[in-house]
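Hi there,

Here is the structure I promised to pass on. Please open it next to this note and follow along.

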Amino acid sequence: GLSFKKCNLRITMNNNNHHTQEISTERLVVRRGQPFTITVSFSAPVHSYLKQLKRTFLIAQTGQNPSKPDGTQIEFPISGLGDQRQWSAALEEQDPCFWTITVKAPANAPIGQYALFLHASKCHRHLGDFTLLFNPWCQDDEVFLGNEAQRQEYILNQEGVIYWGTENAVLAQPWDFSQLEEDILDICFILLGVAERQQGDKDQSRRKSPVYICRTVAAMMNCNELRGILTECETGQCCNGTPPSKWLGSSPILRQWFASRCKPVRYGQCWVFAAVMCTVLRCLGIPTRVVTGFTWAHNTDTSLSVDEYYDEDGTLLTQAQSARVWTFHVWNECWMARADLLPEYSGWQALDATCQEKSEGPSFCGPAPVKAIKDGDTDIDYDVCYFFAAINAKCQVWIQEAGDTFKPALGSTKYTGNNISTKGVGSERCEDVTQSYKYPEGSLQEKEVLDKVYRKTKKLHTTSSSSETQFSSIPTALEEPVNLFIQLQSESSQLLGQDIPLSIEVFNYSGGEKATHLVLGAQSLQYNGVPVTQLWKEKFDFILKSNEASTLKVFVPCSQYGKELGENHLLRLTATLRDKDSYVYFAQEEISICDPPLTVEFPENMVQYQPSTAKISLLNPLTEPLEKCVIVVTGRGLVYRQRKYRLGSVQPKSTEKLQIPLTPTQTGPRRLTAHLTCLQLQGLKSYKTTDVAAA
């Protein structure tokens, strides 16, 4: 018989071949559908090895209760590498004292933590443990991605960019995904286990499906669905927790969740859910990216219309209903073949962990084929109809009249789903992916898709006795008398500390003179469309002659808007115009108030293991000092963990400079991130990437 001595899992070689060397150098982490090699040593020479080989097989098992029927315990001979649908092993090299064996998991094996055993006639030995992940490098895996640059970006790149702001002033914030850190891998599998226990799902063989993994992880992101990872900060008041804008990366959130025995972490909003989900899915081997859409209709429950309500002076009212237009929204896309759908629906799938109020099903959405969203195939799984409504709904503005009635404003229709963006592959440029979700605005294809969805709606209305149908409302055009026209213009972004210039043009197209009343307003806003505070208002009365245009230029003073901007630094500017016939005309703009400049500079050349210095500069553009300034600096391969620098006060209109000594330990592109907090500002982040040469 065999006298087993030890097994060498050849971790360094295997992990390098399986693109997991950054995850660990101490444990075996491999990908399905791709062979890995082990060496089994014997304490006594093995004679007539072919005879011994016939009586020897391997056992791989995963989960708490492995079993052969559900595919979580597999016996397989050492007889040669088989096809991609079965576990197989081959003897690559043999010597009387050792065997070198190549093992291959099928490309559809459940991911998980496995134990590997060798079984001979009188010998049953544990060879070692390994972790099995999805494999985008394997053509037979459902997550196969053919482009190497995309695999590097969507699986292996740990440093991301998340976009926010407004559609006309897109801002970038850095995010550290940390998906290749060893403890993050363990936390990801603990997360799967917790989700499965909460859902009463004991069948670990379902982990073979990327669709199942995506839905399980999405359910765990928001504690409204399961006892999940994050608590949503809905009101903007983030007491007893970390405000969403202060997070710099996913690993502190996942580690805090694990350390607190799976207690939800406070707080997250859409970009935090999407960023943490990107970390988990990339870690498990599913190509994933973070996507931002501007002017997003949320909680419409698939309706293609959404309403905004304003008082008579153009102040946005806090709506009782939850459906509203968000300035921006962040979700994920995951790359996979959809084995449950037609082949045309394979590719990028939209996945949204932020809670939606839906008439049925879980509160997250997806994975929904992006192609199905574009083509209006709203009956395709999962939740295509919700994504379609969110980026195709029209928003009607209603103005409050006497007696709490509301009247539709003229000239104010707002369109959703603008400027859908993600980080470019291998660069930090912003890539516009709107054309993946929508046909060009005004094109024949767009009209055909909308008509198709409206026809489905009409059919549902006539065939369903239920009041809840798939698309419960079709936007209709209002009859608009073309008498007056109002246009509001401003800069799309403004530096904090400066007055905001506004330009308002009013045209009188009617045949007679018009007496008009104009109210201008500025209101701080959360990104999810919830008003914070009315900050400024001015009223004007003037008479317009027939076919006359009038232009008005005013400034919103910084002293009026600077104190109560809200966490997202968004302002909604409104112009409400009434004529003597009681028609109401309305125009609106949203602008981002940009934080003071925080810049990061590197020396021209940086070399691994050679001491160097980065410089951080902070300009205070305000007329008051920035008090209690603290800068936190992070940078994988540049500085160890986080560094905290206390600057104290930065005087008005002055620049504070900070020297950061560092010694690069890793080569290639390396990013340094600086995060400033002070009494006046909380979420100011800046970053710069440099290329570190090998020593």
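Let me begin with histidine 329, which counts as buried at 0% relative accessibility; buried means under 20% relative accessible area, exposed over 50% and partly exposed in between, using a 1.4 Å probe and protein chains only.

Before going further, a word on the source: this is a predicted model, in which local features need pLDDT of at least 70 and side-chain atom pairs count only at pLDDT 80 or more, while totals for chains, interfaces and linings use all residues. Residues are numbered from 1 along each chain as its sequence is written, and side-chain values use heavy atoms, with hydrogens and water left out.

**The annotated site**

An unreviewed UniProt entry places the feature "active site" at Cys270, His329 and Asp352. These residues span 83 residues in sequence, yet no two of their C-alpha atoms are more than 9.7 Å apart, so they gather at one spot. UniProt positions follow the numbering used here, feature names are shortened, and annotations may be inferred rather than shown by experiment.

Histidine 329 sits in strand S16 (residues 324-336), and cysteine 270 belongs to helix H7 (residues 270-284). Helices (H or I, at least four residues) and strands (E, at least two) are DSSP runs, numbered from the N terminus. Like histidine 329, cysteine 270 is buried, with a relative accessible area of 1%.

What does histidine 329 contact, leaving aside its neighbours within four places in sequence? Its partners are Cys270, Val291, Thr292, Gly293, Trp296, Asp352 and Thr354, where contact means heavy atoms within 4.5 Å. Not counting residues up to four places away in sequence, cysteine 270 touches Trp326, His329, Val330, Thr354 and Tyr527.

**Helix H4**

Helix H4 (residues 182-198) has 17 residues and should span 24 Å at 1.5 Å a residue; its end C-alpha atoms are 25 Å apart, which agrees. The expected span is 1.5 Å times one less than the number of residues. Among the buried residues of H4 are Ile184, Leu185, Phe189, Leu192 and Glu196. The cover over the buried residues of H4 includes strands S2 (28-31), S8 (112-120) and S9 (123-133), together with helices H5 (210-221), H6 (251-259) and H7. After H4 comes glycine 200, with a positive phi near 70°.

**Strands**

Strands S10 (residues 159-166) and S11 (residues 169-176) form a hairpin with two residues between them. S10 and S11 pair in the antiparallel sense over eight bridges; two strands pair if DSSP finds at least two bridges between them. Valine 161 has proline 174 in S11 as its bridge partner.

Elsewhere, five strands make an open sheet of mixed pairing, in the order S25-S31-S30-S27-S28. Strands S25 (493-495) and S28 (531-544) stand at the edges, each with a single partner strand, so one side of each is left without a neighbour in the sheet. S25 pairs with strand S31 (residues 584-594) in the parallel sense over three bridges, and glutamine 494 stands opposite isoleucine 593 in S31.

**Cysteines**

How many disulfides does the structure hold? It holds zero, a disulfide being a pair of cysteine sulfur atoms within 2.5 Å. The sulfur of cysteine 385 has its closest cysteine sulfur 7.9 Å away, in cysteine 365, too far for a bond. For cysteine 430, the closest cysteine sulfur is in cysteine 594, at 15 Å, again too far for a bond. Cysteine 385 counts as buried at 10% relative accessibility, whereas cysteine 430 counts as partly exposed at 36%.

Best wishes
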